[in-house]
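Have a look at the sequence and the 3D view below, and turn the model around slowly before reading on. We will then walk through it together.

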Amino acid sequence: MIGAFGAAIARELGLAMRHKGEWLMPPLFYLIVVTLFALGGKPNDPHLSAFAPAILWMGALLSALLTLDRLFRGDFEDGTLEQVFLCESGPFPVIYAKLIGHWILSGLPLSLIAAPLALQLGTPPEVLPALLAGLLLGTPMLSLIGGFAAALTVGLPRAGVLLPVLVLPMIGPIVIFGSGAARAAASGLSAGGPLYLLGSLLALGLCLLPIAATAALRNSFD
């Protein structure tokens with residue numbers, strides 16, 4: 001299973017290198033959305049820095065949604081996914097690797113570019129560790145929950161329209177705790193509580209959501 005997982009991760013990264021435009025689109029979209037908020041506010045507006053965590057989190061969520069529809073659809077349409085379910089190691093390592101690969105290619109870059117974007121919105125430097133920690137704990141959940149939703153809709157026509165409707169309600173607690181950690185740090189309070197909750201949700205998601213996504217994909221062949 002470890003070998004299958006490593007091979008699947010290498011395949012995802014290799015495919016991403018062949019289609020760089022698809023994976024450059026989320027960070028570019030993120031940059032545009034946050035920059036427009038910064039340009040739309042008044043110079044040195046204190047309200048902008050107060051809303052910066054929510055802006056950064058919603059921008060990350062919307063950017064991650066751009067690539068979710070293609071997470072399983074290409075392999076489903078060309079028959080690769082069906083062969084994965086027939087292989088000796090089983091589908092779980094490959095499905096897990098695709099979810100982790102999605103985070104590496106989308107969630108991780110979004111988390112890394114959040115720091116300069118936060119400074120652009122007037123976020124105090126001392127808030128950045130809590131903001132980045134929240135994003136690094138929360139963006140994997142965007143990939144896990146989004147991957148589960150993509151698995152549920154992989155066989156449906158025009159699933160890209162349905163995905164945001166499924167993902168946005170489920171991702172609400174992640175956005176609340178993630179932005180709450182940054183707001184607590186900005187107020188001089190400890191950000192540990194929201195971050196511990198995010199970590200607990202991530203541990204639960206890593207254990208359950210890949211299994212749920214595998215079951216949903218199996219159901220698409222029945």
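Predicted model: local features only at pLDDT ≥ 70, side-chain atom pairs only at ≥ 80, totals over all residues.

Residues are numbered from 1 along each chain as its sequence is written, and side-chain values use heavy atoms, leaving out hydrogens and water.

Let us begin with two helices. Two packed helices are described by the angle between their axes and the distance between the axes. Find helix 3 (residues 46–65) and helix 10 (residues 172–186): their axes come within 9 Å and cross at roughly 145°. Helices here are DSSP runs of H or I with at least four residues, numbered from the N terminus. The axes are lines fitted to C-alpha atoms over the stretch in contact, and angles run from 0 to 180 degrees between N-to-C directions. This crossing is right-handed, a term for the near helix being turned clockwise from the far one by less than a right angle.

Which residues in helix 3 and helix 10 meet? From helix 3 come Pro53, Ala54, Trp57, Met58 and Leu61, and from helix 10 come Ile174, Val175, Gly178, Ser179, Ala182 and Arg183. Sorted by class, this contact has eight nonpolar, two polar and one charged residues. In this sorting, Ala, Val, Leu, Ile, Met, Phe, Trp, Tyr, Cys and Pro are nonpolar, Asp, Glu, Lys and Arg are charged, and the others, Gly among them, are polar.

Now zoom in on Ser179, which is found in helix 10. Is Ser179 buried or exposed? Ser179 counts as buried because its relative accessibility is 5%, and buried means under 20% relative accessible area with a 1.4 Å probe and protein chains only. Leaving aside neighbours within four places in sequence, Ser179 is in contact (heavy atoms within 4.5 Å) with Pro53, Ala54 and Trp57.

On a 1 Å grid over the protein atoms alone, a cavity is a set of points where a 1.4 Å probe fits but cannot get out, and lining residues have an atom within 4 Å of a point. The whole structure has one cavity of 30 Å³ or more, and the largest cavity holds about 30 Å³ of space. Helix 3, helix 6 (92–112) and helix 8 (128–152) each supply at least two residues of its lining, with helix 6 giving the most, four residues. The lining has four nonpolar, five polar and no charged residues.

Helix 8 also holds Ala151, which is buried because its relative accessible area is 1%. Not counting residues up to four places away in sequence, Ala151 touches Phe72, Ala213, Ala216 and Leu217. Ala151 and Pro210 are 59 residues apart along the chain, and their C-alpha atoms are separated by 9.9 Å.

Our last stop is the largest pocket, which holds about 310 Å³ of space. A pocket is an open set of points with protein on both sides within 12 Å along at least five of seven lines. Its lining has 13 residues, of which Glu12, Leu15, Glu22, Trp23 and Arg70 lie nearest its centre. By class, the lining of the largest pocket divides into four nonpolar, two polar and seven charged residues.

Methods
Points joined across faces, edges and corners; volume = space filled by probe spheres on them. Buried < 20%, exposed > 50% of the residue type's maximum accessible area, 1.4 Å probe, protein only.
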